[in-house]
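Dear colleague,

Please find below the structure for your review. My notes on what was found in it follow.

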Amino acid sequence: GQLAGRLAAKGASITWTAGGRAEAVPAGVEAVPMRASNVVERASGFAFPLWSAASLRRLAACVREADVVHLHEHLYMGNILARRVAGRAGVPVLVTQHTSQIWATPGLPAGLRALRLLLAASNRTLGRWALGGADQVVFVSSRARDYFARLFPFRRPPRYLANGVDRSVFGPVDEAARRAIRSRLGWPTERPVALFVGRMIAKKGLPTLRGLTA
């Protein structure tokens, strides 16, 4: 949303396609919501929306009309189709890659261990095609960049740009404000407090979090 809104504010014409309802769409951005099923995620904990055939056709039409296609991640169904259509139509592709692998952690469920092997194989094959052949790849994690750099070469050297922080929402506070916030929330004033931000699924490292809290 931040990227789309800020690019639109600079004069770019942005068409934003995604599964689900269009919520909090920035000004100047055209939202094209796609019909999708999350049955895979409900069954396995791995987010892989299945788009309808009509949605995939709408996506292909959007890609053919674009000057540049910007994908977040490479493995999702819609992104795979967009990458293929863009390649055939000669439309440049930028991929922002957030994730790399399901890292082995103590207590990882058996289902996720199997999924980890499948994801590793996909990264070496589909990842080589989608990322290695993209016009530019940007990683938000240096760990993800180094992981994929060991697997295959890139058309252009990948870049590392960490996720930004909206300073109008998030920022440091002085000691007095920190104590007031902790008091209002009922938190201890001296003990460390850890914040977990993520979906409550094992893939996000919940076994490690449980061990830390213990």
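The lining of the largest pocket consists, by class, of 28 nonpolar, 17 polar and five charged residues. Please bear in mind that this is a predicted model. The pocket holds about 2,100 Å³ of space. Of the 50 residues that line the pocket, Leu3, Trp16, His70, Leu71 and His72 lie nearest its centre. Several elements supply at least two lining residues each, among them α1 (2–9), α3 (53–65) and β5 (69–72). Strand β1 contributes the most, with six residues.

The structure contains five salt bridges. One of them joins the side chains of Arg155 and Asp135, at 3.1 Å from N to O. Arg155 lies in the loop between α6 (142–149) and β8, and Asp135 in the loop between α5 (110–130) and β7 (136–139), so this pair ties together parts that are 20 residues apart in sequence. Arg155 is exposed, at 52% relative accessibility, whereas Asp135 is partly exposed, at 21%.

A network of salt bridges links Glu175, Arg178, Arg179 and Glu190. Within helix α7, Glu175 and Arg179 are four residues apart, about one turn of the helix, and their side chains meet at 3.1 Å, N to O. Glu190 also forms a salt bridge with Arg179, with the closest N and O atoms 2.7 Å apart. This second pair links distant parts of the chain, as Glu190 is in the loop between α7 and α8 (206–213) and Arg179 is in helix α7.

Finally, Val173, Ile181, Leu185, Trp187 and Val193 form a nonpolar surface patch, with about 420 Å² of accessible area together.

With kind regards

Definitions and conventions:
Residues numbered from 1 in each chain as written. Predicted model: local features only at pLDDT ≥ 70, side-chain atom pairs only at ≥ 80, totals over all residues. Heavy atoms only, no water. 1 Å grid on protein atoms, 1.4 Å probe; cavity = no way out; pocket = protein on both sides within 12 Å on 5 of 7 lines; lining within 4 Å. Points joined across faces, edges and corners; volume = space filled by probe spheres on them. Nonpolar A, V, L, I, M, F, W, Y, C, P; charged D, E, K, R; others polar. Patch = residues over 30% accessible without salt bridge, like charges linked within 9 Å, V, L, I, M, F, W, Y side chains within 5 Å. Areas by Shrake-Rupley, 256 points an atom, 1.4 Å probe, with all protein chains shown as cover. Salt bridge = Lys/Arg side-chain N within 4 Å of Asp/Glu carboxyl O. Buried < 20%, exposed > 50% of the residue type's maximum accessible area, 1.4 Å probe, protein only.
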